[in-house]
Amino acid sequence: MSIPPPPFSGPPTGMPRLELSGITKRYPSVVANDGINLKVGPGEIHAVLGENGAGKSTLMKIIYGAVQADAGQIQWNGREVVVANPAEARRLGIGMVFQHFSLFETLSVVENIALALDEPFDLKALAIRVKEVSTRYGLPLDPDRLVHSLSVGERQRVEIVRCLLQQPQLLILDEPTSVLTPQAVQKLFETLRRLAAEGVSILYISHKLHEIQSLCHSATVMRGGKVTGTATPSRETPASLARMMIGRELPVCEVPAYTGIATPALTVNRLSLVPDDPFGTRLQDIELEVHRGEILGIAGISGNGQAELLAALSGETTGAAEAVKLVGLPVGHLDAGRRRKHGLAFVPEERLGRGAVPSMSLADNATLTAQRQGLVKKGFLRPKAAWDFAKRCIERFDVRCGGPGAAARSLSGGNLQKFIVGREIMQQPIAMVVAQPTWGVDVGAAAFLRQTLIDLSRQGVAILVISEELEELFEICDRIAVLAEGRLGPAVPKAETNAEKIGMQMSGLFAPADKEPAHAAA
Amino acid sequence: MPLLEPRSTPSAQMRLLSPLIAIGLTLAVGSVLFLALGKNPVEAFTVFFVQPLSSGNGWSELMVKAGPLILIAQGLAIGFRARIYNIGAEGQLIVGALAGGGVAIALDGVDAWWVLPLMVVAGAIGGALWGAVPALLKTRFNAEETLTTLMLTYIASFTLSYMVNGPWRDPEGMNFPQSIMFGDPALFSPWFEGMRVNASILIAAVASIAFWIFTSRSFLAYQLTVGGLAPAAARYAGFSAQRTVWVSLVLSGLTAGIAGVGEVAGPVGQLNLNISPGYGFAAIIVAYLGRLNAVGIVLAGLLMALLYLGGEAAQVALQLPAAITGLFQGMLLFFLLGTDVFVDYRLKPRPKPAYA
Amino acid sequence: MLEHLIPVLAGTLGAATPLIFAGLGELVAERTGVINLGVEGMMLIGAIAGFAAAADSGGGALAGLPAGAVAGMLAALVFAVLSLSMAANQAACGLALTIFGVGLSAFIGQHYVSFSLPGLQPLDIPGLVDIPVIGRILFHQDPVTYLGLITFVIVWWVLRKTRLGLLLKAVGEAPDAAHAIGYPVIAIRYGATLFGGAMAGIAGAYLSTVYTPLWVQNMVAGRGWIAIALVVFATWNPTRLLLGAWLFGGVTILQFHAQGLGIALPVQFLAALPYLATVVVLVLISRDKRLLQLNLPASLGKPWMP
């Protein structure tokens, strides 16, 4: 699926649209940007490549005026500028599409757009322009729909149209494809290529190598807050780009075969659920079975019932007893604590505030779920036991921290995730549900976590992984199913499917034909 | 540009220092206030904080006032840890007093040792029930407990007014809104001749020890704390949010109810409209000032009691309105909330000039 | 019966006025995500400041209302510094403001206990006041009551029809998003909180200089809390807030007209009625979780820093 990008036809001798020199930004514990230089020409699609924490997002916020640099210069069309705030950036002609959208759910599309434009307030006239622009670029939108009723892909369109209405000369996209199906990614790329052909410069931030290869004319690679190189992506290989990005070979997981007996451990029967949250997704007739010794992956874009399914599996929401079974035992009516007692472990996507209490120490956070491991006796806490438990967890799972007394919030994302995963594993579960195991985690920790999950499954634990990262699912899972609009497709062995087939299902194609609201608006 | 940045680990030092700094700031502003009112601050503080403790009776009064404050605050602190804001302890105190007082009135003339214990039990039940109402409204109907507990306080005080103006009015009380004076079996007898301190202070003492063990050692208190700090984590762990609400509100209602009995069976000696000088509200400050910690609450309760005594003394010696106590209480809480910010945050170092 | 009912309905409008002011102010603040439980305190501070200004200047209510507004705003400023700039717990800060307001107003008020003020004469709206029945109810009110209704119209219009209204809602729903597209979230919240303070201050000053024209300790008597409850009851909608305020105005006024209306209940029961009604109304509205969540400003009460 990797199509080489059209040759870059920007003016080779012309003045760059944007030139950064020596941009530096220090935070108390880290230098996020250290003397960054970067050049983007008119009509150029320029990738900024780097793993989580490399400083990409900070750099983009500096360009967009949301963060101020401590040192360095920004040249815009050959003129030195100070971008004091986002409004200033917009005046200059810089638009940004955020990774976590900056949209307001209870407002309509046109109201959302109006708030970001510096012009007289006339919703009716604006609605007409929104329609015009969205049709012209193949991004159909209904201006009067409320944002909370839009799919994630449609929300991204709102953000893009919002930028386009300001006739930007530079468009920044921060990890735009993490929320899109493979097919929607192709559509987005078409739009971006068209914009580039019209002369718009594009800064494309990503850690997905094949995307960058198929879309971008040039790339700047960042690691640890510094630029480690520039490249022409079409002339590189994924491996060579990865080396520039992480400074070594991309780690690969080992996936041995399971030698035990694969009996069903976690079963979900006809699970239907109407969420309490009015903006939530209804689950409809979910059926799945995870066996001992396997990892079952659930692909799909967040917002399609992932949160609701997780809560129903973990026991954070309860329902019919028979809907969820653990080795044949109905547990659908039990709360999270009781399910854990029966051997179900759960690692949520939010580490701080859900998986761990931010201000509590790791020892106290051990008691959160591992109380049955002798950390509580007759209703009283045993601080020493909790301390020892946390200490063992830290050692066994290579958690880099200040010891069992360190507050959870003082750990990096990867290390806290190792602690939480470790804490759950040390309770010797029969089945384990893991959501977004490597979100915001650096490559080293991600590889460690993936290998840990594979090894655990091969010891006979049934593992269910819900992830937005298709590549991750293909790397660690034995079977993959797709969750779209609250319905779960069949679980298919990894060898019998591919990213394209999964992508089709993500768009809801396995469901009845009327299930594509994306086009209903046009 | 924000001036604060989060600390990676909460400062244990600041947690202990914060109340002391808040007290210091309150005293400083108090001095300015005294100066503005044309009083000598040194003399004023002597009247406020030294004079009340210069006699045996002063110490007795300190105990009389600290007892209910500490008792109520211990209960409230449980809820505050769980972010269940019971601000209607005053109402629970009144209902406790009504229940205990009702027993005393019904058993008037009965000379038995069990009258007083029965009153305490009745008061505890009354207060707990009055706390259970908002708990029910919250768990069943999702109604905000801050508002319901406070509304129930108004309802409790009108109920008290009705009872002492109607059914329970002392027929020989010259139409004053008050009940009969309770007989000796329905009263905590003073320990010393001419002083009001009595055995009810022991209830606060025992409760403080029990709450100290409960909060520092029990798994239930841990669950309540998690529920307050990170509700999603509590759900994730499988801790019941409903139980948190019930425990918080019933327990704090119970202690407030007992405190109510302590008043009517102690210094007040009957039911009337002045059974509490706002103990239920002041206890909120005591709980926070004491770091929601059982030992801290004892110290904070003593300080707050002194503030009450000082206010009374200032009225006499300095001709200042007694309401100055309320003013100091409010300031103290404000300063405390301000200084508490520095437990989790610190001042940002001045940013270096850009393009340096 | 009608001759008894007309004063009740007319009185309802006046009794609703402080709730309308305080409720609208709190509604605007909550729209931006700030829950200020200090309304009762700000009203008390506004009440004593208004009373003092009215009594000391001899200017009566005309001097009292602006003084109340300024005092309420200053009180809200203290709250805002703590809860917005320093990100302290909003619930606790509001509570502190109320406790402080009770103390401060009682302290200053000691000096004014025996004063009384002339109050304000009702202002007849020419022509309209002569409409039978309706005229005596709606158009024979004190000027501040009319001002309250005008304020309602303005707030309704701003929230419904203007970019500012949209922005307030946006900040309350997703401060991060508002910040990302370049809006000064903290400054906007400051503005809304101070507006809430000014409105509460006016409400308090109305009570002490027009409604009862004398100073009584704790004279706000829970109306600040009722105003907060009304905002929930109104599901953050100003029109419903107005209706709620009238409803509570009616319940409050009932005790003064009970005899005339032939209601034979203990006076304490009638006095407790508004508080009881608040609980009932809260329960009725809160039990519909989805309705609340659909309208609740998503960031309400959550501390936010850029």
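Student: How many residues of chain B are in contact with chain C, and which helix of chain B gives the largest share of that side?
Tutor: This is a predicted model, in which local features need pLDDT of at least 70 and side-chain atom pairs count only at pLDDT 80 or more, while totals for chains, interfaces and linings use all residues. Residues are numbered from 1 along each chain as its sequence is written, and chains are lettered from A and ligands numbered from 1 in the order in which they are written. With contact meaning C-beta atoms, placed from the backbone, within 7 Å, 37 residues of chain B touch 39 residues of chain C. Helices here are DSSP runs of H or I with at least four residues, strands are E runs of at least two, and both are numbered from the N terminus; the largest share on the chain B side, twelve residues, comes from helix 13 of chain B.

Student: Which elements give two or more residues to the side of chain B that touches chain A?
Tutor: On this side, 24 residues of chain B are in contact with 35 residues of chain A. The elements of chain B that give two or more residues are helix 8 (219-229) and helix 9 (231-237).

Student: What is the radius of gyration of chain C?
Tutor: Chain C has 13 helices and two strands. The radius of gyration is taken over C-alpha atoms, and the globule rule is 2.2 Å times the number of residues to the power 0.38. For 306 residues the rule gives 19 Å, so chain C is as compact as a globular protein of that length, with a value close to the rule: 19 Å.

Student: How many residues of helix 9 of chain A are buried?
Tutor: A residue is buried if 20 or more other C-beta atoms, placed from the backbone, lie within 10 Å of its own. Helix 9 of chain A covers residues 306-314, and its buried residues include A:Glu308 and A:Leu313. The helix is mostly covered, the buried count being nine of its nine residues.

Methods: Contact = placed C-beta atoms within 7 Å. Buried ≥ 20, exposed ≤ 12 C-beta atoms within 10 Å, placed from the backbone.
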